[in-house]
Amino acid sequence: MRTRVMSRGSALGGLVLLLLLALAPLAVARATSLPDVAAALKQGPVYVDPGAADQLSRADADALAQKIKDADKPLFMAVLPADEQFPPEGLLQNLRTQTGITGLYAIRLGDGFNAGADPSVMSEQAVQNLVTAVRQPGVDAATELNNFADQALPTLRGSAPASWGSAGADSGVPVAALVTLGSVLAVSGAGAYAVVRRNRLRKEAEERAALDRLRVVVDEDITAFGEELERLDFHPAEAGADDAMRGDYERALDSYDRSKSLMGAVTRPHEVREVTRALEDGRFSLAVLAARRESRALPERRPPCFFDPRHGPAVDDRTWTPSGGAPREVPVCAADAARLDDGLDPVARTVDTDAGRRPYWEAGPAYGPWAGGYFGGGMLPGLLMGTMLGSVLSSPAYASEYGGTDFEGFQGGDFSGAEFDPSGFGSNDFGGGFGGGDFGGGGGFDGGGF
């Protein structure tokens, strides 16, 4: 522990020394390049180049940076002059490469604008829609960038990089005097470290609490599936059993063993998705086995019963309306289909909440990964639309770790260096006289992931 503390102190001292040397020539505005922009964005979400200082004031840049930090999202914004130093060709891709951090990147280039993103934090269509919505002729930089941030932050997945700390926007020119600068930087560095550490501890506490609740629910599911296997009246050597049946049975057993093994290794909430995905696989294998033994047509692969995945694969769809929500089609088992047809309530899976046992869709974000493994990323948002769980999972605070819209468990703001798919940053169309100005940008995404 003493060695770790000394290392942090040494690193902070080195940082202060480097910053003192960098800020020494106060009288001359330094020339900038793309590496300078990338270095600044590693320290804060907003960069204003000295050559574009008339586009966005220091106060507006600071306010925009604070907005992004308060949302704790990996949104990077740069205001750059339209000159030979920053040619639009490959600008988004090159900035992403130089910065090396996954996220959403927006650039105001002269009076043009464009954005690109890693698909893991925002989809192709979402970026295209946002760029089209905010990129209007004659709009000033402050309005355009704030409009983009206001619309992007609620749906942007992932978290801000820890390297931001509590630093403000980088205006591209030195603004602090060297008088007592060393002590100010030391205090700021210590404060930044405290903020980063406090945020990390808060997130870790939230994840532990969520995982504790998840363990109870998933253990119940694993136990229920194990009991199904015990009740199954099938023996591989029985009369009439063939290789196909034995294969179904082996897959069900493997899914059971896999779910137990995966759950034993879980350390983060999003990892639970693989556990419930294994259970879903196992129950489908049992449904196929039952059809073979009864000489019925094999069932199509469908999601489990929405109301309780322990009911097994759905056999039909029914219209269901949650309390205070809109009607939607949900997959249901035969028993719940019959109950709904008779005007009765389905048998819902309930979980523990602060208000007692409630259906899982009326619970908090902890159950997002549990549901995501059963129903998959493309289907679940529509099923949960308008429910408490759906509303919570769509918020920036819970989107990635507790389920979110794509249920990939991705934390934005991670350093990946140049290891990324450049398709998400391929558009050179900044409008405003660049790339034809056809308002069709959005990063030129082709759906490639990284």
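Visitor: What relative accessible area does arginine 301 have?
Guide: This is a predicted model, in which local features need pLDDT of at least 70, side-chain atom pairs count only at pLDDT 80 or more, and totals for chains, interfaces and linings use all residues. Residues are numbered from 1 along each chain as its sequence is written, and side-chain values use heavy atoms, with hydrogens and water left out. Buried means under 20% relative accessible area, exposed over 50%, and partly exposed in between, with a 1.4 Å probe and protein chains only. Arginine 301 counts as partly exposed because its relative accessible area is 45%.

Visitor: Which residues does arginine 301 contact, leaving aside its neighbours within four places in sequence?
Guide: Arginine 301 sits in the loop between H9 and S5; helices (H or I, at least four residues) and strands (E, at least two) are DSSP runs numbered from the N terminus. Contact here means heavy atoms within 4.5 Å. With neighbours up to four places away set aside, the partners of arginine 301 are Glu280, Asp281 and Phe284.

Visitor: And how far apart in space are arginine 301 and alanine 314?
Guide: In sequence, arginine 301 and alanine 314 are 13 residues apart. From C-alpha to C-alpha, the distance in space is 8.9 Å.

Visitor: What is the phi of serine 295, in the loop between H9 and strand S5?
Guide: Serine 295 is exposed, because its relative accessible area is 69%. Its phi is positive, in a residue other than glycine, and lies near 55°.

Visitor: At what angle do helix H9 and helix H11 pack?
Guide: Two packed helices are described by the angle between their axes and the distance between the axes. Axes are lines fitted to C-alpha atoms, for helices over the stretch in contact, and angles run from 0 to 180 degrees between N-to-C directions. For H9 (residues 272-293) and H11 (residues 368-375), the axes are 7 Å apart. Their packing angle is about 35°.

Visitor: Which residues of H11 do the residues of H9 meet?
Guide: On the H9 side, the residues are Val272, Arg273, Thr276, Arg277, Leu279, Glu280 and Arg283. Across from them in H11 are Pro369, Trp370, Gly372, Gly373 and Tyr374.

Visitor: How many charged residues does the contact of H9 with H11 have?
Guide: Ala, Val, Leu, Ile, Met, Phe, Trp, Tyr, Cys and Pro count as nonpolar, Asp, Glu, Lys and Arg as charged, and the others, Gly among them, as polar. By that scheme, the contact of H9 with H11 has five nonpolar and three polar residues, and the number of charged ones is four.

Visitor: How many residues of H11 are buried?
Guide: Gly368, Pro369, Trp370, Ala371, Gly372, Gly373, Tyr374 and Phe375 are the buried residues of H11. H11 is therefore largely enclosed by the rest of the structure, the count being eight of eight.

Visitor: What is the order of the strands in the open sheet of four strands?
Guide: Two strands pair if DSSP finds at least two bridges between them. S1 (46-48) and S4 (112-117) are the edge strands, each pairing on one side only. Pairing in this sheet is mixed, and the order is S1-S2-S3-S4.

Visitor: Which residue in S3 is the bridge partner of leucine 75?
Guide: S2 and S3 (residues 104-109) run parallel, paired over six bridges. In S3, the partner of leucine 75 is leucine 104.

Visitor: Which residues of S2 point the other way from Leu75, Met77 and Val79?
Guide: In a regular strand the side chains alternate between the two faces of the sheet. S2 is mostly covered, with six of its six residues buried. Leu75, Met77 and Val79 point one way, and the other way point Phe76, Ala78 and Leu80.

Visitor: How many residues does the largest nonpolar core have?
Guide: A nonpolar core is a set of buried Ala, Val, Leu, Ile, Met, Phe, Trp, Tyr and Cys residues joined through side-chain atoms within 4.5 Å. Those with the most contacts inside the largest one are Leu75, Met77, Leu80, Leu104, Met122 and Phe148, and its total is 48.

Visitor: How many residues are in the other core, which includes Trp361?
Guide: This core lies apart from the largest one. Leu214, Val218 and Phe307 are also among its residues, and its size is 34.
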